Every structure is written in C-alpha cells, then in structure tokens.
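Me: I would like to learn how to read salt bridges and a nonpolar core in a model. Can we go through them one at a time?

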Amino acid sequence: MRTLLHILADLLVPAALCCAVWYMEISDWDHGVARGAALAGTTLAVAVVYLWRGRREASPVPRAYLYLLCLAAGLLLGWRSVQSWEKLNSVPLDIAFSTLDSIKAIVHGHKDPYANPIDSRKEAPKDARGFRYYHGYKYLPAMLLVYAPLAVKWEFPGIMFTNWLLFLAVGVLIYLLAARSAAPPWETGFSARGLRGLVLYLSLGMIGLELFEKGVNDFAQMAPLLLGFYALSRGRMTLAGVAVGFSLGAKLLPGAIIALMFLPLAWNRRFVYAA
C-alpha cells in the first residue's frame with residue numbers, strides 16, 4: 001500500500017507542477033509578481049514533498065517501477081528532441097535576436113555590443129509602462145561565449161541547437177544531483193531519485209515552447225550553475241567556483257540560489273535535489 005501511495009505521489013507531484021507552469025505561461029504577463037509568487041510557492045511545495053518522499057524511502061523500489069521511470073524518461077527525452085528539431089528554423093523572441101546581433105557586432109564588426117544600437121527596433125510594441133526596446137545587449141559576456149560557437153555560422157538554427165545541447169546537459173546534471181542526494185546504501189544501478197528528477201524536468205511544458213521555439217537563454221546559466229552544485233557534492237571546490245562564476249557571468253538571475261552552497265553538506269545535496 002505504501003509503495004502504491006509513493007507511486008501516486010510521484011505521478012501527481014510532476015503533474016501539479018506542470019499545470020502550474022502551464023498556467024503561468026498562458027496567464028496575463030502584466031501580473032509578473034503574482035505569477036512569480038505562485039510559481040515559487042508551487043516549486044517550494046514540490047521540493048518539500050520530494051524531500052519528505054526521499055527521507056521515507058527505506059527499502060528498494062520495485063524493479064518494475066524503476067523500468068517504468070526509465071521508459072518515461074526515454075519517451076519524454078525523445079519527444080523533446082523531436083520538438084527541438086521541428087523548431088530548429090522557427091523565429092525566436094527578441095532575446096535570441098539581440099544575442100545574435102551582439103555576436104555579429106563582435107565577430108564581424110569588432111564593436112562593443114553594450115554600446116551598439118542592438119535591439120532598438122522602432123516597431124517593437126510598448127507595455128503598460130511605455131517600455132520599448134533599449135540600446136545595448138542585456139546580458140553578460142559569458143552568455144555570448146555559450147552561443148557564439150554555433151551562432152557565428154548557423155545563426156538562429158545554431159542558437160536553437162545550442163539550446164538543445166544545454167537542455168541535454170541540464171537533464172544529465174539533474175539526474176546526477178538527484179542520484180547523489182543522500183542516496184540509500186541499497187541503491188545500485190539506475191537511481192530512482194535521479195529518474196524522478198529527470199522525468200519531472202522533462203515534463204515541463206516551457207521546454208518545448210520557450211526553449212526550443214522562442215529561443216530563451218535561461219539554460220545558458222542554469223547548466224553551469226548545476227555543474228557547480230554537482231562539483232561541490234564531489235568535493236571539487238575549484239570547479240564549483242569556476243562553474244558558478246561562469247553562470248553569474250552569463251546572467252545574474254540565479255545568483256541567490258548559491259546560498260544553498262552554504263548549507264551543511266548533508267543538507268545542501270537534498271535541497272539542490274529538491275530544487
């Protein structure tokens with residue numbers, strides 16, 4: 001009975017988070033604070049449930065359940081990869097436009113992207129506050145280093161393919177982090193914790209829409225940030241510092257998450273896994 005309840009929890013928790021993310025995507029963009037608070041609350045609830053779930057997993061999970069998780073992860077990975085290839089030539093948001101224009105300004109024009117009139121198209125609509133696109137690149141230099149290798153030659157398809165590579169890297173790191181989060185001594189082979197985290201990640205609707213179709217760049221700083229956490233869990237302090245520094249050198253958004261690194265080692269693994 002307990003195993004059945006755990007399996008139901010593993011199905012319902014990702015479903016609840018996916019519904020919350022989907023609601024955030026279709027709701028009014030002028031209510032950013034309320035949307036962010038709702039998403040943060042849902043994410044925290046998922047983290048708490050998964051922490052509680054992991055602490056009570058005192059016996060090996062059924063092998064059939066492990067195979068089911070492997071199958072779900074494989075199918076979701078294949079589906080997301082097909083989505084990526086189908087959207088390879090889609091027209092992205094202004095985020096990808098400004099990144100490509102900045103790379104061109106450096107490589108072909110030898111100009112400073114922060115002083116160049118990038119992303120200043122007059123036809124861009126204004127929001128309720130009268131905001132219009134402004135001059136200069138909005139992100140930090142490491143962001144350009146991530147996308148330049150493929151974008152220089154293939155432009156937007158290169159940016160989209162880079163996003164697919166980042167998508168794979170984030171998935172691998174989520175699995176590794178979850179697998180190392182207080183793993184029970186009886187666990188061998190594939191990690192049930194790692195597979196749960198991977199399935200939850202692959203289920204998020206924003207991957208297909210925002211990452212592969214709109215070309216958002218959030219994973220460019222998330223992949224090195226997760227690498228930093230993983231390096232920390234392995235005692236590789238230098239690599240952890242370099243990875244987190246690179247993440248903050250791409251975009252300052254995830255900066256507050258490094259506070260988890262100051263928790264006692266036995267706890268920060270659990271919190272990173274849950275987050």
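Me: How many salt bridges does a search of the whole structure find?

Reply: This is a predicted model. A salt bridge needs a side-chain nitrogen of Lys or Arg within 4 Å of a carboxyl oxygen of Asp or Glu. The search of the whole structure finds 3.

Me: Which residue forms a salt bridge with Lys-87?

Reply: Glu-213 does, with the closest N and O atoms 3.7 Å apart. Lys-87 is partly exposed, at 28% relative accessibility.

Me: Where do the side chains of Lys-251 and Asp-218 meet, and what lies between these parts in sequence?

Reply: They meet in a salt bridge of 2.9 Å, N to O. Lys-251 lies in the loop between helix H9 and helix H10 and Asp-218 in helix H8, so the pair ties together parts that are 33 residues apart in sequence.

Me: Is Lys-251 buried or exposed?

Reply: Buried means under 20% relative accessible area. Lys-251 has 14% relative accessibility, so it counts as buried. Asp-218, with a relative accessible area of 22%, is partly exposed.

Me: Which residues touch the most other members of the largest nonpolar core?

Reply: A core is a set of buried residues joined through side-chain atoms. Here Tyr-147, Phe-167, Tyr-201 and Ile-207 touch the most other members, out of 50 residues. The largest share, 17 residues, comes from H5.

Me: Which residues is Tyr-201 in contact with?

Reply: Leaving aside neighbours within four places in sequence, the contacts of Tyr-201 include Phe-167, Ile-207 and Phe-219.

Methods. Residues numbered from 1 in each chain as written. Predicted model: local features only at pLDDT ≥ 70, side-chain atom pairs only at ≥ 80, totals over all residues. Heavy atoms only, no water. Core = buried A, V, L, I, M, F, W, Y, C linked by side-chain atoms within 4.5 Å. Buried < 20%, exposed > 50% of the residue type's maximum accessible area, 1.4 Å probe, protein only. Helix = DSSP H or I, 4+ residues; strand = E, 2+ residues; numbered from the N terminus. Contact = heavy atoms within 4.5 Å.
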